[in-house]
Amino acid sequence: MAEAAESPGDPGTASPRPLFAGLSDISISQDIPIEGEITIPVRSRTRESDSSTLNESVRNTIMRDLKAVGKKFMHVLYPRKSNTLLRDWDLWGPLILCVTLALMLQRGSVDGEKDGGPQFAEVFVIVWFGAVTITLNSKLLGGNISFFQSLCVLGYCILPLTVAMLVCRLVLLADPGPVNFMVRLFVVIVMFVWSIVASTAFLADSQPPNRKALAVYPVFLFYFVISWMILTFTPQ
């Protein structure tokens, strides 16, 4: 018994159609506007322009750096626990203080054969070599600050001793004597203690609790040597 084959034109059967066959009949009008725009928020553009220093003038850059150095000087003059010197470190202030101190410690020569160069180089090398040595000691003891952060703190804390040197130069203009020496001794001791307190206020928390004494002792010697150079200075 044979089955009758269904003819293609039989209305009872439906031919298969492609899945996306109807999409070809859909047309998109060219007149439909595209709404919206891609823009950068105003706040983002303002922040980028504020944080970028490539477009600012040289004068603004110098003034900004000088203000930053001045703020760090104020933190040293009024020492308190703060991470300002550690967070925004720079070496401009230490360089200025080191050169100023070396120039004031420079002895003038009477015969004119020596221009005071060795004295300047001696002070410059002692200050920077001492600061580098203390920084390496701090890192070996397990300190959690970077090399340049430690140099920044030690250099900025020379500010009280630089002020002491300026006062001693003014006092030495008067007649030498016991009173003159006692005044200079008092000023140097006060500024020496000031430098120790200021430096330890910034560096104390960066050392392990059981090694703080080992980290502070070289700092004491460093500022003591500079203080001794200031106290024993006699112009020629």
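## A tour of the aromatic pairs

Start by selecting F124 and W128, which both sit in helix α5 (residues 117–140), four residues apart, or about one turn of the helix. F124 is partly exposed, with a relative accessible area of 27%.

Before going on, please keep in mind that this is a predicted model. Colour the protein chain by pLDDT: the average is 75, and 68% of the residues score at least 70. Which helix has the highest confidence, and which the lowest? Helix α7 (residues 159–171) is highest, at a mean of 92, while helix α1 (residues 42–51) is lowest, at 49. Now select residues 1–7, where pLDDT stays under 50. For that stretch the model has two contacts beyond four places in sequence.

Back to the rings. The count of aromatic pairs comes to seven. Select W89 and F148 next: the ring centres are 5.3 Å apart and the planes meet at 10°, so this pair is stacked, planes under 30 degrees apart being the cut-off. The pair links distant parts of the chain, 59 residues apart: W89 is in the loop between α3 (84–87) and α4 (92–104), and F148 is in helix α6 (residues 147–156). Are these two residues buried, partly exposed or exposed? W89 is partly exposed, at a relative accessible area of 39%, and F148 is partly exposed too, at 40%.

Return to F124 and W128 for a tilted aromatic pair, with 6.3 Å centre to centre and 45° between the planes.

For a last stop, select F192, F220 and F224, which ring pairs link into a cluster.

Notes. Residues numbered from 1 in each chain as written. Predicted model: local features only at pLDDT ≥ 70, side-chain atom pairs only at ≥ 80, totals over all residues. Heavy atoms only, no water. pLDDT = per-residue confidence, 0-100. Helix = DSSP H or I, 4+ residues; strand = E, 2+ residues; numbered from the N terminus. Contact = heavy atoms within 4.5 Å. Phe/Tyr/Trp six-rings, centres within 6.5 Å; stacked < 30°, edge-to-face > 60°. Buried < 20%, exposed > 50% of the residue type's maximum accessible area, 1.4 Å probe, protein only.
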